[in-house]
Amino acid sequence: MNGEATILHADLDSFFAAVEQRDRPELLGKPVLVGGWVVLAASYEAKAHGVYTPMSVGAARRLCPDAVVVEPRMSAYTEASRDVYRVFDDTTPHVEGLSIDEAFLDVRCLRRTAAPREIAARLRADVRAKVGLPITVGIARTKFLAKVASGVAKPDGLLLVPPSKELAFLHPLPVERLWGVGAVTARRLHELGVTTVGEVAEFAENDLVSVLGRASGRHLYALARNHDPRPVRRRRHRGSIGAQSALGRRPKSLEDVSARLVGLVERVTRRMRVAGRSGRTVVLRLRFDDFSRATRSHTLLHPTANTGVILATATALLEGAVPLIEERGITLVGVAVANLADETGLQLALPFDRRDSDALDAALDEVWQRFGSRAVTRAVLIGKRRGVEMPLLPD
Ligand SMILES: [Mg+2]
């Protein structure tokens, strides 16, 4: 592990809501909800009324009757994200994108020119000046602790945890601050009388494993001691286009999961076609009840942005994962298309009948463009609630 605190976790504050407030100054200082039937983002003015994400817009309105509800504008958020990543990339070569609005930056290589705190302050000022958005930065020796620090410093804050104060900072915090602790794990810990990270740290690893299961027991044992050896790894954040959807913890049928997958594939391939990209590798991401994850991928012979081709591939991958899903229970499904190429030079992807299905895609794209994504939906999605679906990374 790094001897100095040089890992930054930079996280935009209430990202979608902040973009809306930036672009419509009359919304500044007002409670803003972004979403259709589910709140995807809430401004801090709305959060002050107890609104959180995801919750239904109806429930949020009951908590905060004055809230202004705004339809999401994904293209504006993708563009803002690209601008912010440009600031990240100008700050250090070591940027690891986590999602559309947060990234880890390792600034160890810059320590002769500037201290991490100065770099973070400049980064915040640059994002404010160039993109017009508030961003919070946490700084620590580990990725995990940097993320905890930014969570504590929000909104519009900067917090460095010095190496000598790590456990003093971490141990009084509620267990919910630990990465990967959701409602179920938190409840189990509360039943044991455990509410703070320090109390988690008093448990032997075996005891945590027997209460929480192997993956999350080991995970929490390590995090409560700030053990996190993962380095910041540069990821090509424009190398894939993807979307994911949380499924919640209640039991769900395979039909529900594959319906959700259809919606994700439609969204992803539509974004690919708008961006003029096609890709060869289809990646299916799954997360399970015990926090473990699995990734399945298949590389096609030729790049495509065709919904039918990518859906067929993703569905085959999902079918291959059925035993795993039945054994562990599924809480998240995601799909991404990687190995992206520009649309030019596309070849025929046999044996699918490209001509017909491309014509269908083009027709649907046109309807979507004119009337919005709810105008047309494939039969399998009718009667299904739309899940909370978030773009993973900027295209
Ligand atoms: Mg954020």
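This is a predicted model: local features need pLDDT of at least 70, side-chain atom pairs count only at pLDDT 80 or more; totals for chains, interfaces and linings use all residues.
View 1. Strand β2, residues 32-35, runs antiparallel to β3, and three bridges join the two. The open sheet to which they belong has three strands in the order β3-β2-β4, with mixed pairing. Because β3 (39-42) and β4 (68-70) each have a single partner strand, they stand at the edges of the sheet, and one side of each is left without a neighbour there. On average, and with direction ignored, neighbouring strands of this sheet are turned by 30° against each other. Helix α1, made of residues 15-23, packs on the sheet and touches β2, β3 and β4, its direction making about 115° with that of β2.

**View 2. Helix α5 and its buried side.** Helix α5 spans residues 116-131, and its 16 residues reach 22 Å from the first C-alpha to the last, close to the 22 Å expected at 1.5 Å a residue. Its buried residues are P116, I119, A120, L123, V127 and V131. These residues cover an arc of only 100° around the axis, and therefore lie on the same side of α5. Among the elements that cover them are β1 (7-12), α4 (74-91), β7 (135-140) and β8 (158-160). The face turned away from this buried side carries the exposed residues E118, A125 and A129. After α5 comes G132, with a positive phi near 80°.

View 3. The peptide bond from K154 to P155 is cis, and its omega is near -10°. P155 itself is found in the loop between α6 (143-153) and β8.

View 4. F291, a residue other than glycine, has a positive phi near 75°, and is found in the loop between β10 (277-288) and β11 (293-304). With 19 other C-beta atoms within 10 Å, F291 is partly exposed. N339 is not a glycine either, yet has a positive phi of about 60°, and its place is in strand β12, residues 330-342. N339 is also partly exposed, with 16 other C-beta atoms within 10 Å.

View 5. The chain averages a pLDDT of 85, and 85% of the residues score at least 70. Over residues 344-356, however, the pLDDT is below 50, and this stretch has 15 contacts in the model beyond near neighbours in sequence. The pLDDT also stays under 50 over residues 382-395, for which the model has 45 contacts beyond four places in sequence.

Terms used
Residues are numbered from 1 along each chain as its sequence is written. Two strands pair if DSSP finds at least two bridges between them. Helices (H or I, at least four residues) and strands (E, at least two) are DSSP runs, numbered from the N terminus. Axes are lines fitted to C-alpha atoms, for helices over the stretch in contact, and angles run from 0 to 180 degrees between N-to-C directions. Two residues are in contact if their C-beta atoms, placed from the backbone, lie within 7 Å. The expected span of a helix is 1.5 Å times one less than its number of residues. A residue is buried if 20 or more other C-beta atoms lie within 10 Å of its own, exposed if 12 or fewer, and partly exposed in between; C-beta atoms are placed from the backbone. The arc is that of the directions from the helix axis to the C-beta atoms. pLDDT is the predictor's confidence in each residue, from 0 to 100.
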